Amino acid sequence: MMNNETLLQKAREYISSEQDSFFSSQVAELIEKQDFTELSDRFYTDLEFGTGGLRGVIGGGYNRMNPLVVRRSTQGLANYIRKAFPDKENSAVIAYDSRNFSDVFALEAALVLCANGIKTYLFTGIRPTPELSFAVRKLGASTGIVVTASHNPPEYNGYKVYWSDGAQVVSPHDKGIISEVRSVSGPIPIITKEQAIKTGILVMIDRETDEPFISMVKECSLRPELIREKGKDLKVVFTPLNGTGAVPVERALSEMGIQVTFVPEQKDPDGNFPTVKYPNPEEASAMKLALDLGKKEGADLVMGTDPDADRLGIAAPDNGVFRLISGNQLGVLLADYIFSSRKELGKMPPRPAFIKSIVTSELQSLIAKSYGAVSFDTLTGFKWIAGKIRDFETGPEKYDFVFGDEESYGFLVNKDVRDKDAVSAATMTAEMALYHKSQGRSLWDQLRRIWEKYGYFQETLISRVFKGEAGLRTMNSMMEKIRSNPPSTFAGQKVTVMKDYLDGTSFYPDENSKRRDINLPSSNVIQFILTDNSIVTARPSGTEPKIKFYASCRANPGEHIDRAMESVKGKIEAISEALNNLFE
């Protein structure tokens with residue numbers, strides 16, 4: 001714990017370095033008030049540049065998102081880029097979403113890169129994260145940055161870094177960039193926007209990337225003729241949750257032949273997200289206005305994207321009542337539609353591959369395999385799915401990527417983007433809904449057909465938040481406790497395998513043996529496989545101070561759907577109770 005004198009020293013140091021008076025005046029006011037509680041929160045640590053970049057509360061201080069922190073982080077990135085590509089004329093692409101100060105932080109980053117001799121392409125206005133990934137690849141850039149805090153509350157902002165393949169950075173580049181960021185000291189070189197544009201080192205972009213991106217999205221369609229003929233019959237209600245999704249989603253769908261009805265209160269960009277607590281389509285409360293409008297309009301499909309339009313949430317009517325479809329369930333529907341359609345239409349590549357995260361429903365793998373695809377598991381985080389696609393292209397085994405997703409509402413239906421892409425996923429979902437409607441069934445009807453064929457699956461997620469410095473210690477202590485003294489049963493079911501992704505080993509209690517059989521990068525994740533094939537996973541979040549516990553339970557194929565649902569519901573409830581007991 002820092003003493004007050006050290007806090008004041010750090011605060012004054014920050015004020016002398018921060019050139020933006022909005023942020024420096026916040027800290028000056030805290031000094032004047034002698035508010036050491038708030039000063040401690042802003043200065044007890046530096047906002048850490050993690051493996052994906054930055055994310056934090058907007059405000060003055062070293063433990064906040066502000067221009068000074070962005071400048072220092074970008075200088076570290078510039079240093080690493082020059083070392084990684086010493087003989088290349090380096091370039092970068094920067095995009096930003098609708099959050100407060102996103103445009104300010106994006107310009108700060110751009111001008112630091114320009115001052116370091118790195119040609120920078122900066123979007124003229126807000127753009128979705130998938131378009132940033134697409135642009136990095138299209139422009140042949142060395143790196144990319146998107147200023148966003150994804151679906152966090154409005155007081156947050158962040159900064160994600162992408163590599164030359166359009167994917168978020170992975171080892172060794174992530175650790176190399178972090179090391180350079182930590183080494184930055186002293187004044188940061190910067191030039192004015194006018195100087196940068198005049199010398200040609202800063203290039204403002206919009207249509208030259210927008211047009212090919214929208215074309216790519218439309219080309220993902222598997223049944224374009226169906227949309228042209230019957231697209232007008234599909235009623236779609238859409239909310240971008242005051243983020244970046246409005247223009248690209250509406251444009252792609254309308255040009256394909258499907259008209260969109262917007263939630264008016266959530267259409268225009270607004271970093272305060274005034275109608276929701278969390279701008280997250282995973283949250284039922286965030287989708288309420290869209291569901292209400294969907295019911296009023298008699299819609300066939302309701303869709304929502306988060307502020308940077310990389311996550312997609314949907315709902316569909318079920319016997320007249322709108323019901324939200326989970327990330328796992330949408331992944332199941334998309335896997336079923338994409339693989340079955342490709343097979344039926346003769347569009348399946350020679351060696352089809354499906355990729356999902358280790359906490360995503362196994363039902364998706366069962367579907368992919370039934371159509372002849374090979375299924376691969378990765379760690380949680382779309383950078384690992386993107387990395388697997390890169391392995392297919394550069395490694396000895398040449399698989400053809402078809403579809404990839406993770407349970408947290410992230411989907412990828414093309415190879416031109418290397419991150420979650422809610423824009424392409426939205427158009428594919430609308431096409432899927434139209435196809436099933438043309439066959440006389442809803443998305444919920446199709447889900448039941450899938451469950452009858454493969455068995456009913458249900459998943460749940462339990463999270464515990466640990467705030468501040470003490471919370472981080474508690475979180476680490478809990479993971480260590482689970483690792484050193486693991487449960488032998490969950491809800492009356494024996495643990496048959498305990499997988500520890502930190503050291504890559506699996507422990508088999510019946511044999512009392514441990515094997516190093518996990519061929520994935522090290523990660524602080526523990527997973528339990530139970531006798532009935534239920535799966536329980538513990539994973540600290542990479543972006544928030546919380547531990548996430550995932551549970552997935554299943555019934556046997558052919559079991560009557562009502563009985564299967566009741567049985568699996570009981571398993572989920574029992575496992576949830578067992579997990580809650582772990583927190584006591």
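This is a predicted model: local features need pLDDT of at least 70, side-chain atom pairs count only at pLDDT 80 or more; totals for chains, interfaces and linings use all residues.
Residues count from 1 along each chain as its sequence is written, and side-chain values use heavy atoms, without hydrogens and water. Local features need pLDDT of at least 70 and side-chain atom pairs 80 or more, while totals for chains, interfaces and linings use all residues.

**Exercise 1.** Find the buried residues of helix α11, and state what they pack against.

*Solution.* 
Step 1. Locate α11 at residues 246-256. Helices (H or I, at least four residues) and strands (E, at least two) are DSSP runs, numbered from the N terminus.
Step 2. Apply the cut-off: buried means under 20% relative accessible area, exposed over 50%, partly exposed in between (1.4 Å probe, protein chains only). Ala246, Pro248, Val249, Ala252, Leu253 and Met256 are buried.
Step 3. Look for their partners. They pack against the helices α9, α10 and α16 and the strands β7, β8 and β9. Contact means heavy atoms within 4.5 Å.
Step 4. Step past the helix end. Gly257 there has a positive phi of about 125°.

**Exercise 2.** Work out the strand order of the sheet that holds β9.

*Solution.* 
Step 1. Two strands pair if DSSP finds at least two bridges between them.
Step 2. Read across: the order is β8-β7-β9-β10-β11, an open sheet of five strands with mixed pairing.
Step 3. Find the edges. β8 and β11 each pair on one side only.
Step 4. Check one pair. β9 and β10 run antiparallel and are joined by four bridges.

**Exercise 3.** Describe the setting of Thr305.

*Solution.* 
Step 1. Thr305 sits in strand β9.
Step 2. Its relative accessible area is 0%, so Thr305 is buried.
Step 3. Look across to β10: Leu312 stands opposite Thr305.
Step 4. Skip neighbours within four places in sequence. The contacts of Thr305 then include Phe238, Thr239, Pro281, Arg311 and Ala422.

**Exercise 4.** Find the largest cavity and sort its lining.

*Solution.* 
Step 1. On a 1 Å grid over the protein atoms alone, a cavity is a set of points where a 1.4 Å probe fits but cannot get out; lining residues have an atom within 4 Å of a point.
Step 2. The largest cavity has a volume of about 30 Å³, the space filled by probe spheres set on the points, which are joined across faces, edges and corners.
Step 3. Name lining residues: among them are Asn328, Ser361, Trp451 and Glu459.
Step 4. Sort the lining: four residues are nonpolar, three polar and one charged. Ala, Val, Leu, Ile, Met, Phe, Trp, Tyr, Cys and Pro count as nonpolar, Asp, Glu, Lys and Arg as charged, and the others, Gly among them, as polar.

Conventions. On a 1 Å grid over the protein atoms alone, a cavity is a set of points where a 1.4 Å probe fits but cannot get out, and a pocket is an open set with protein on both sides within 12 Å along at least five of seven lines; lining residues have an atom within 4 Å of a point.
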